[in-house]
Amino acid sequence: MLKEGTKEIRQVYVDTLINLAAKDKNIVVMEADLAASIGTVKFKEKYPDQFVNCGIMEAQMVGAAAGLSLAGKRPFLHTFATFATRRPYDQIFISLGYARLGATILGSDPGVCAEHNGGTHMPFEDIALMRTIPNCTVAEPSDEYMMKALIEMSYEKGGLWYIRAQRKKAMQIYTENEKFELGKAKVVKDGKDVCIIASGICVSDALQAASLLEKKGIDAAVIDMFMIDPLDKDIILKYAKSCGQILTVENHFIVNGLGSAAAEVIAESGTGVKFKRLGVDKRYGQTGSLNFLKKEYGIDAESIAAAAEGLAK
């Protein structure tokens with residue numbers, strides 16, 4: 001039974017960075033004037049010499065992060081997912097990616113998670129942008145325990161990372177002792193009739209959809225593809241063969257996101273499989289509650305169940 005998490009994702013982000021900074025003075029937290037909304041004020045108070053507020057100048061923040069990385073620091077940058085990717089994309093690509101420098105970029109409230117901030121703050125294209133940068137790890141946690149693990153992993157593995165995550169509490173899917181591996185998806189529910197591959201907030205809705213499908217005699221597998229790059233190709237092909245039906249669900253454009261990544265793997269493998277993508281199809285964002293927006297864009301539990309049932313027939 002799904003239940004709400006105990007901590008907000010933004011609180012996990014800050015607490016994890018505080019714990020890491022206690023062991024490593026080279027960690028630098030950078031903000032684009034959003035320390036209060038994400039909670040890194042708490043980090044600033046504890047480690048003022050390891051905190052930089054760059055103001056609403058995202059491209060400058062990326063450039064400064066590149067300089068800090070070159071000097072041996074490990075920068076953690078945050079702003080809205082829209083402004084963390086689309087606005088400073090050239091600086092990320094050249095100053096961090098091409099220069100082979102390390103930094104972790106957190107894009108908060110991606111897609112419909114932006115809710116009442118509306119369409120201007122609602123990125124459905126951030127994964128599409130970031131997965132095209134060579135050697136950039138792109139990840140999306142589905143709950144608080146995974147968020148903690150991904151922040152720690154980005155620090156330990158180094159290199160360029162983009163993590164997109166909601167700010168508020170997420171539904172709890174894992175336990176505190178769960179282990180996560182680079183480039184390896186998690187099977188949160190096994191099944192034989194249809195496989196639902198989801199990421200981020202869509203994982204809990206996929207699990208709810210699986211429960212709805214069970215009442216109709218359909219046994220659905222649910223895969224948490226929390227890393228879009230590097231992608232777990234093996235798990236996609238395994239369930240393509242065992243289920244014969246694959247449905248991807250994402251809080252993102254269906255173009256060049258999780259669905260496209262899965263489609264590329266299936267198409268190149270020559271595996272015969274029924275396949276469908278759920279996500280945002282060439283639409284801009286809008287203002288609304290999370291539940292309203294998930295239903296509006298067809299990524300709520302009922303929409304997922306209906307699409308999976310259609311594939312399983």
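Into which domains is the protein divided? The answer is domain 1 (7-171) and domain 2 (186-312), with bounds that come from an automatic or database domain assignment. A quick note before the close-ups: this is a predicted model, where local features need pLDDT of at least 70, side-chain atom pairs count only at pLDDT 80 or more, and totals for chains, interfaces and linings use all residues. Residues are numbered from 1 along each chain as its sequence is written, and side-chain values use heavy atoms, with hydrogens and water left out.

View 1. Strands here are DSSP runs of E with at least two residues, helices are runs of H or I with at least four, and both are numbered from the N terminus. Two strands count as paired if DSSP finds at least two bridges between them.

View 2. Strands of a sheet pair through backbone hydrogen bonds, either parallel or antiparallel. Look for Ala103: its bridge partner in strand 7 is Leu160.

View 3. Axes are lines fitted to C-alpha atoms, for helices over the stretch in contact (heavy atoms within 4.5 Å), and angles run from 0 to 180 degrees between N-to-C directions.

**View 4. Where the two domains meet.** Here 30 residues of domain 1 are in contact with 33 residues of domain 2. About 2400 Å² is buried between the domains, 60% of it from carbon and sulfur atoms; buried area is the accessible area (1.4 Å probe) that two parts lose on being put together, summed over both. Val112, Phe124 and Arg131 supply 31% of what domain 1 buries against domain 2, more than any other three residues.

**View 5. A salt bridge between Arg131 and Glu264.** These two side chains meet at 3.0 Å, N to O. The rule asks for a side-chain nitrogen of Lys or Arg within 4 Å of a carboxyl oxygen of Asp or Glu, and it finds one salt bridge across the domain interface.
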